[in-house]
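Here's a quick tour for anyone meeting this structure for the first time. Take a look at the view below, then read on.

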Amino acid sequence: MTVYLVGAGPGDPGLLTRRGAELLARADVVVHDRLGTADLLDLARPDAEMVSAGKAPGQVDLTQDEINAVLVDRGRAGLEVVRLKGGDPFVFGRGGEEAEALAAAGVPFEVVPGITSAIGAPAYAGIPVTHRGRSTHFTVVTGNEDPAKATTDVDWEALARTGGTLVILMGAARIGGIADRLMAGGLAPDTPVAAVRDGTRPDQRTVRATLATIGAAGVRAPAAIVVGAVAALDLTWFESRPLFGRTVVVTRAREQVSELRTRLERLGAGVLELPAIAIKPVPFTVPPLADYAWVVFTSVNGAHAFFTQGLAPAGLDARALGGVRVAAIGPGTAAAAAEHGITIDLVPGRFVAEALLDAFPDPDRAGERVLLARAEQARDVLPEGLGARGYAVDVLPVYRTVTTAPDPGVLEQVRAGRFDAVTFTSSSTVRNFTDQVGPLPDPAPAVVSIGPVTSATARDLGWTVAAEASEHTIDGLVDAVCALLAPSPR
Ligand code: SAH
């Protein structure tokens, strides 16, 4: 029906607009570049047609005419098309040409502006493009023309006289020649310059120099290069977060990766997701709960599965647990039960099966029944321990964990050891990770484990555990990663 020219922002996926995210989630076809848009593609429907306009290694780029043809063709076919473009589609994005082609073909289109790297990258480097007393205006200019040509479209000498802030895009390769022309136009050699490469991404780098020195400073693309008094400002925030510049591998099941990932990213880490396990439902029927004194949940997944796949289909809700006491192994599990309306009677002080066993009261009478809702494959500590205490324990498998195929690019980076730490949240994540990655990279990377049982499994498999969470939760795990990798305390 309509072709949407959508700005993806400069790289941080959080900088996509709400309108862009909505359209992306709905699109039949997504036509995307490589630059700055990779993470966002996960927002698209799994069955959407994905067309890469190129610039990926080993791939032939589509020409602009070919891209225009795809947009016109899919638009005419009555499909909803999102053309996702880095930054803002109308700032050096050739979005104007695409809109012209669509208009000429009579295909309806809309434009969704994005945050341009010309403003976004400097902002993430702590550089305001205008600043009271320093700069009253900013000019955004392309640097991809050869500045030594006899006649150029860009009048660098005139820009030098314009003053204010100059933001140069596509200029990394030619910045030396550009600086010469700006100085020839009258800008002082000591005019501050800041080049922000891969702005707003976990590997952002800011090079600070002057017009006289920037040519030799080794600026690499993609960079937004800021020239002018504001380039001396250093209101650093993004690059000074505690885990900035660190890469952490997370191995939780894909369904629950997001919380750990979000927490680490907020602290500045680059996160590689290697989902060691996925959660799969298993068929089960909840037995009559009135027969039980206790129901025990050992994981978030177990609690959710119990309510959504057990109680709900049987037309039951939290009231079915009215006369039953409920235990959870940790606060995450308790919170999951709370989402289904259940307040937990017992959470041990340490969040492992052994601690739950210690905290469990003796049965009021021998043979009192406990229902243990948990994964198909799990340790026998609880059933055996509670059995030894005089309880009759029924194990109810409510989900299963299975191995999933990792992303080949991520796998390659992990195998090469290009990361600073790997997090393990359970013994099964250690085992599956070891199966997938194969021989350990040398030197072996730092392992951060959620607790003693996971650590023991890791050591059994030949890993050295560099840090263990003292509180066996996602928060505790994140704290342990920070203690290990952050240069200074938070
Ligand atoms: N439409 C885009 C610009 C496309 S031209 C926008 O509005 O941002 C490509 C140029 O944009 C690159 O050569 C580089 O100068 C700049 N650029 C894109 N992403 C960037 C990023 N994350 N950090 C710094 N510069 C970036």
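## A patch on the surface

In what follows, a patch is made of residues with over 30% relative accessible area and no salt bridge, and nonpolar side chains are joined into one when they lie within 5 Å. Keep in mind that this is a predicted model.

With that in hand, look for Phe90, Phe109 and Val111: these residues make up a nonpolar patch on the surface. Together they have about 240 Å² of accessible area.

## A look at Val111

Where does Val111 sit? Val111 belongs to strand S5, which covers residues 109-112. Val111 counts as partly exposed because its relative accessibility is 33%, and partly exposed is the range between under 20% (buried) and over 50% (exposed).

## Around the ligand

## Polar contacts and cover

Which atoms of Gly199 and Ala224 come up against a ligand nitrogen? For Gly199, a polar backbone atom is 2.8 Å from a nitrogen atom of the ligand. For Ala224, a polar backbone atom is 3.3 Å from a ligand nitrogen. Thr116 uses its side chain instead: an N or O atom there is 2.8 Å from an oxygen atom of the ligand.

As for cover, the ligand on its own has 540 Å² of accessible area, and the protein covers 91% of that.

Key
Residues numbered from 1 in each chain as written. Predicted model: local features only at pLDDT ≥ 70, side-chain atom pairs only at ≥ 80, totals over all residues. Heavy atoms only, no water. Patch = residues over 30% accessible without salt bridge, like charges linked within 9 Å, V, L, I, M, F, W, Y side chains within 5 Å. Areas by Shrake-Rupley, 256 points an atom, 1.4 Å probe, with all protein chains shown as cover. Salt bridge = Lys/Arg side-chain N within 4 Å of Asp/Glu carboxyl O. Helix = DSSP H or I, 4+ residues; strand = E, 2+ residues; numbered from the N terminus. Buried < 20%, exposed > 50% of the residue type's maximum accessible area, 1.4 Å probe, protein only. Polar contact = N/O pair within 3.5 Å; in protein donor to acceptor, adjacent residues only side chain to side chain.
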